[in-house]
Amino acid sequence: QVQLVESGGGLVQAGGSLRLSCAASGRTINTYAIGWFRQAPGKEREAVAAVSRSGLNTYYADSVKGRFTISRDNAKNTVYLQMNSLKSEDTAVYFCAAGPIININYVSGDPLTYDYWGQGTQVTVSS
């Protein structure tokens with residue numbers, strides 16, 4: 001079983017950038033597809049980005065396309081979410097999640113794909 005810990009959240013002004021990290025322990029991260037999700041107060045959890053086990057395929061929500069980039073460093077057992085041009089509506093708790101997908105090129109924004117979740121990191125964007 002893999003454990004996930006997110007870091008890198010914080011307070012940033014609109015237009016700024018943050019890089020979130022999702023560090024895995026217990027299992028090697030290359031056996032999992034990884035997704036980033038977020039939940040704002042009073043709203044449902046939504047998919048932000050995801051990356052396949054191979055790293056070749058990615059998924060982005062329309063709201064973050066062109067601003068966010070997901071990447072993985074399997075040697076460091078870590079997945080990153082680079083967030084640029086942040087907006088106030090990006091304010092949320094961000095979670096990473098791992099899905100034990102057999103197909104190394106499969107990627108999905110469906111939260112049901114993912115079995116293991118981190119505790120989340122707060123991102124606050126001030127306008």
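Colleague: How many disulfides does a search of the whole structure find?

Modeller: This is a predicted model, in which local features need pLDDT of at least 70 and side-chain atom pairs count only at pLDDT 80 or more, while totals for chains, interfaces and linings use all residues. Residues are numbered from 1 along each chain as its sequence is written, and side-chain values use heavy atoms, with hydrogens and water left out. A disulfide here is a pair of cysteine sulfur atoms within 2.5 Å. Searching the whole structure on that basis gives one disulfide.

Colleague: Which parts does the pair Cys22 and Cys96 tie together?

Modeller: The disulfide joins Cys22 to Cys96, with an S to S distance of 2.1 Å. Both Cys22 and Cys96 are buried (under 20% relative accessible area; exposed is over 50% and partly exposed in between, with a 1.4 Å probe and protein chains only). Strands are DSSP runs of E of at least two residues, numbered from the N terminus. Because Cys22 and Cys96 lie 74 residues apart in sequence, the pair ties together strand 3 (residues 18-25) and strand 9 (residues 92-99).

Colleague: Which residue of strand 8 is the bridge partner of Ile70?

Modeller: Strand 7 and strand 8 (residues 78-83) pair in the antiparallel sense over six bridges. In strand 8, the partner of Ile70 is Leu81.

Colleague: Is Asn77 buried or exposed?

Modeller: Asn77 sits in the loop between strand 7 and strand 8. Its phi is near 55°, a positive value in a residue other than glycine. With a relative accessibility of 16%, Asn77 counts as buried.

Colleague: What is the relative accessible area of Ser85?

Modeller: Ser85 is placed in the loop between strand 8 and strand 9, and its phi, near 50°, is positive in a residue other than glycine. Ser85 is partly exposed, and its relative accessible area is 40%.

Colleague: Which residue's backbone nitrogen does the side chain of Thr121 reach?

Modeller: Thr121 lies in strand 11 (residues 121-126) and, at 11% relative accessibility, counts as buried. At 3.2 Å, the side chain of Thr121 reaches the backbone nitrogen of Gly9.

How values were computed: Helices (H or I, at least four residues) and strands (E, at least two) are DSSP runs, numbered from the N terminus. A polar contact is a pair of N or O atoms within 3.5 Å; within protein, one must be able to donate a hydrogen and the other to accept it, and residues adjacent in sequence count only if both atoms are side-chain atoms. Two strands pair if DSSP finds at least two bridges between them.
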